[in-house]
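Please read these comments beside the coordinates, as they take up the opening helix and then the sheet with its covering helices.

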Amino acid sequence: IWGQACGQLEQEVGANNYNLWIKPLRLVDLKDGNAEFAAPTRFLSDWVNRHFAQAILAELDRLGHRAERLRFHVRPVGSSDAAAPRQPRSDRSADTAAASLQVERSADLGAPLDPRFTFENFVVGKPNELAHAAARRVGEGGPVSFNPLFLYGGVGLGKTHLMHAIAREYIDRHPDHRVLYLSAEQFMYRFVQALKEKTVMDFKEMFRTVNLLMVDDVHFIAGKNSTQEEFFHTFNALVDQGKQIVISADRAPGEIKGLEERIKSRLSCGLLADLHPTTYELRLGILQAKTEAFRSQYPGLEIAPGVLEFLAHRITSNVRVLEGALQRLFAFASLIGREITLDMTQECLTDILRASDRRVSIEEIQRKVAEHYNIRLADLIGPKRVRTVARPRQIAMYLSKQLTNRSLPEIGRRFGGRDHTTIMHGVKKIEELAGSDEGLSEDIDLLKRLLEA
Ligand code: ADP
Ligand code: MG
């Protein structure tokens, strides 16, 4: 019956929780209202009792074995007489690791995975192509080919989405492996707690016995020295064992202020995959995919031509905002039972549209570009033709075209009354160069990010 129960429990608590906590258990007896288990460690049994007792009792009940409570016999793995069939060897290191753990009073060790964040739901385009391909590779869980995978990019560009997708895929393919996904903030929290409770050794062991460790938003630990230190050691220990690590941050390792040099260089050792700011095509693709998904949620709702294009054009920063806008639009339209039109879109999303308009002005672009290239604003706009000024000027033109919805003649006027063909030439030039000049395209990305932050 335990085998049967396990199948259902795995569904209920998720594969990862199941592997971490329930799989190492063995049911030894059911009597006097007690469901008795052999557990490899005190820690594990406390944990299970606290978090999964209800689920386990309910499942046993469903199978016709009513019990009131769980009881545990703690017995180190290896001394057990017969290994349970559902307990593969690869769990051993984990179990012995947990063996010395005392009671821990935190919530889950890892963070839960969002069921919507899958590879299927991730729309791939030029800006996220490399990050996506690398994430897929890690998700397959083959031999480690780069370590760590370092995903970085601005807010709302899909870092967390990709990490959850990796975890999910990896767990599917390697059900007996241990996967730990958590934010850097949670990592710190756990660590500080372990310090307080004097369980640091156990904390270390716990982290060092996973097959795949994923730490989201690692920039959070910048400036937090003891956490950085601990992170560094955890990181090294896993890399030495050939275990895969995936890290995300809002910028490249070298650009994270307050992060120790040795950590920066360690983080840069694997594959750095940049999630670039979205393009119009990607935004439109995402909107189309989300619309498909919403259709089943709001059957019969029509959406007028041009609405998605309008949104992709106007909301340029953050996919989360884009999604939120679409969600609100659908909810609104279904409430009043009308087709989604452009007028309705503008009315319903006034605040969001205004916020994304306000985001970047041509003046801001000019200021940032001048600052970035260390030239005077007056020169950027003025007539000088030397390359050190002309190139940044073209970049500013390009960004003005990309990030605002001003027309070419309008942009021309802001650049000291230049003709719209001059602007067009500038934009084309940069597009061309950015295709072949990596340094330039990185500069542009950085500027975009600074402007849209
Ligand atoms: P980040 O962690 O980079 O701040 P998230 O991964 O949380 O961003 O993404 C924000 C939202 O945008 C999520 O709901 C995510 O599903 C969605 N999203 C981002 N990029 C894509 C994409 N390429 N395809 C589909 N959804 C995306
Ligand atoms: Mg995130």
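The numbered points below describe a predicted model.

1. Helix H1, which covers residues 2-13, has twelve residues and should span 16 Å at 1.5 Å a residue, and this agrees with its end C-alpha atoms, which are 16 Å apart. Just after H1, Gly14 adopts a positive phi of about 90°.

2. The buried residues of H1 are Trp2, Ala5 and Leu9. Seen down the helix axis, these buried residues fall within an arc of 55°, so they line one face of H1. An α-helix has 3.6 residues a turn, so residues three or four places apart point the same way. On the face of H1 turned away from the buried side, the exposed residues are Gly3, Gln4, Gly7 and Gln11.

3. Five strands make up an open sheet with parallel pairing, and their order is E5-E6-E7-E4-E8. At the edges lie strand E5 (179-183) and strand E8 (271-275), each of which pairs on one side only. From one strand to the next, the twist averages 15°.

4. Within this sheet, strand E4 (residues 149-153) and E8 run parallel and are joined by five bridges. Leu151 has Ala273 in E8 as its bridge partner.

5. Helix H5 (residues 129-140) lies across E4, strand E7 (244-249) and E8, and runs at about 130° to E8. Helix H7 (residues 184-196), for its part, lies across E5 and strand E6 (212-216), and runs at about 95° to E5.

Technical notes. Residues numbered from 1 in each chain as written. Chains lettered and ligands numbered in written order. Predicted model: local features only at pLDDT ≥ 70, side-chain atom pairs only at ≥ 80, totals over all residues. Helix = DSSP H or I, 4+ residues; strand = E, 2+ residues; numbered from the N terminus. Expected span 1.5 Å × (residues − 1). Buried ≥ 20, exposed ≤ 12 C-beta atoms within 10 Å, placed from the backbone. Arc of directions from axis to C-beta. Pairing = 2+ DSSP bridges. Axes fitted to C-alpha atoms, helices over the stretch in contact; angles between N-to-C directions. Contact = placed C-beta atoms within 7 Å.
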